[in-house]
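Come along as I go through what I looked up.

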Amino acid sequence: MSNFNIKINSISESKIDQVDFSDLPFGKVFTDHMFVADFFDGKWQQARILPFGNLSFHPASNMMHYGQAIFEGMKAFKNQDGEPSVFRIEEHAKRFNLSAERLCMPTIPENFFCDAIETLIKLDKNWIPTFEGSSLYIRPFMLGVDGYLGVKSSATYQFIIFLCPVGPYYPKPVHLITAENFVRAVKGGVGEAKAAGNYAASLLPMKIANEAGYDQVMWMDAHEFKYIQEVGTMNLFFVIGDKVLTPATDGAILRGITRKSFLTILKDKGISVEERPIAIDEIIEAYDNGELKEIFGAGTAAVVSHVASLTHKGKKMELPPIEDRKIGNMLKKEINDIRTGLIEDKFNWMKKI
Ligand SMILES: *Cc1c(COP(=O)(O)O)cnc(C)c1O
């Protein structure tokens, strides 16, 4: 299944001139076109690119009531020669299909997924910002669209992709609080999938944390509230002494592609790294011994988001100044340099379009 015929209905006049590329808010600016394909009669068909705009759905659509909705998030860049390229596109295609399987939705052939993104980016390539730290954010998603109120897997779906130019994202170091009552995910649940409902479920705990003066919730395991999972839309890394630790994926943690890339870079540099269950008590002990050097989140949007403090049951642990964070800062630079072609792409992560 390689020759997907994508019908292109392009806009007559680009709206790119209306956009201030030196001031791009995240997720509020959209390119000229979007991609749409329909699934019916058991197969994907009618692949098309059309002007970006509203879509209409049956009010009884499955995704609106029962949540058959999944998404991905990845980025495109221009390299030093101005050629567009996407970071680890095949990994995102694979994860999209794992999410689809978990939500009982049809998978998408990987080459079709990649083809759709590449064709869309080619058409809107002028929208890829080139300011340092900026990129073109790619949002593929799939929705169950049957207009039927029974709780049942949809027979029809829509696969949609749109693009957002995004500016440099220099997140302020975040203040975290461990979850004590709410859980994000449980083994056997849907935590490993990028399922829309997971994010709706995190809004109330996040609001409560914000009101108490914290930026994000550090999710703990759903059985004992003892083992650390992840935070927001990021996986977590800890630097204790000269060792780097990250919670092992166990079915309840999203398998981040940034996380996976960090593990590869750390191993390649001969830095000692462990993937295993991490109890909060271990972090507290390391802090008390003066061994806790860094905590950071890892995800597509920020690459690295440094943690300023972590509060657990009233104990606030303040972390060292950002300038002293060797590992997090090194990983962020390394990934950004690979993405923009400043250093050799030795792991073959960039796909030129
Ligand atoms: C997307 C996401 C991540 C990070 O994944 P990346 O592939 O690195 O962007 C981590 N946790 C959650 C819950 C996510 O949704």
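I began with the classes of residue in the shell around the ligand, and I counted four nonpolar, seven polar and four charged residues. For this I took Ala, Val, Leu, Ile, Met, Phe, Trp, Tyr, Cys and Pro as nonpolar, Asp, Glu, Lys and Arg as charged, and the others, Gly among them, as polar.

A note on what I am reading: this is a predicted model, where local features need pLDDT of at least 70 and side-chain atom pairs count only at pLDDT 80 or more, while totals for chains, interfaces and linings use all residues. Residues are numbered from 1 along each chain as its sequence is written, and side-chain values use heavy atoms, with hydrogens and water left out.

Which residues are closest to the ligand? Of the 15 that surround it, I noted Lys-194, Tyr-199, Glu-230, Thr-258 and Thr-300 as the closest; a residue counts as near with a heavy atom within 4 Å.

Next I looked up polar contacts (N or O atoms paired within 3.5 Å). A polar side-chain atom of Thr-300 is 2.5 Å from a ligand oxygen, and one of Lys-194 is 2.7 Å from a ligand oxygen. For Arg-95, I found a side-chain N or O atom 2.8 Å from an oxygen of the ligand.

How much of the ligand does the protein bury? Alone, the ligand exposes 380 Å², and the protein buries 97% of that (Shrake-Rupley areas, 1.4 Å probe).

Last, I checked which elements give two or more residues to the ligand's shell: strand E12 (234–240) and helix H6 (257–268).

Definitions and conventions:
A polar contact is a pair of N or O atoms within 3.5 Å; within protein, one must be able to donate a hydrogen and the other to accept it, and residues adjacent in sequence count only if both atoms are side-chain atoms. Helices (H or I, at least four residues) and strands (E, at least two) are DSSP runs, numbered from the N terminus.
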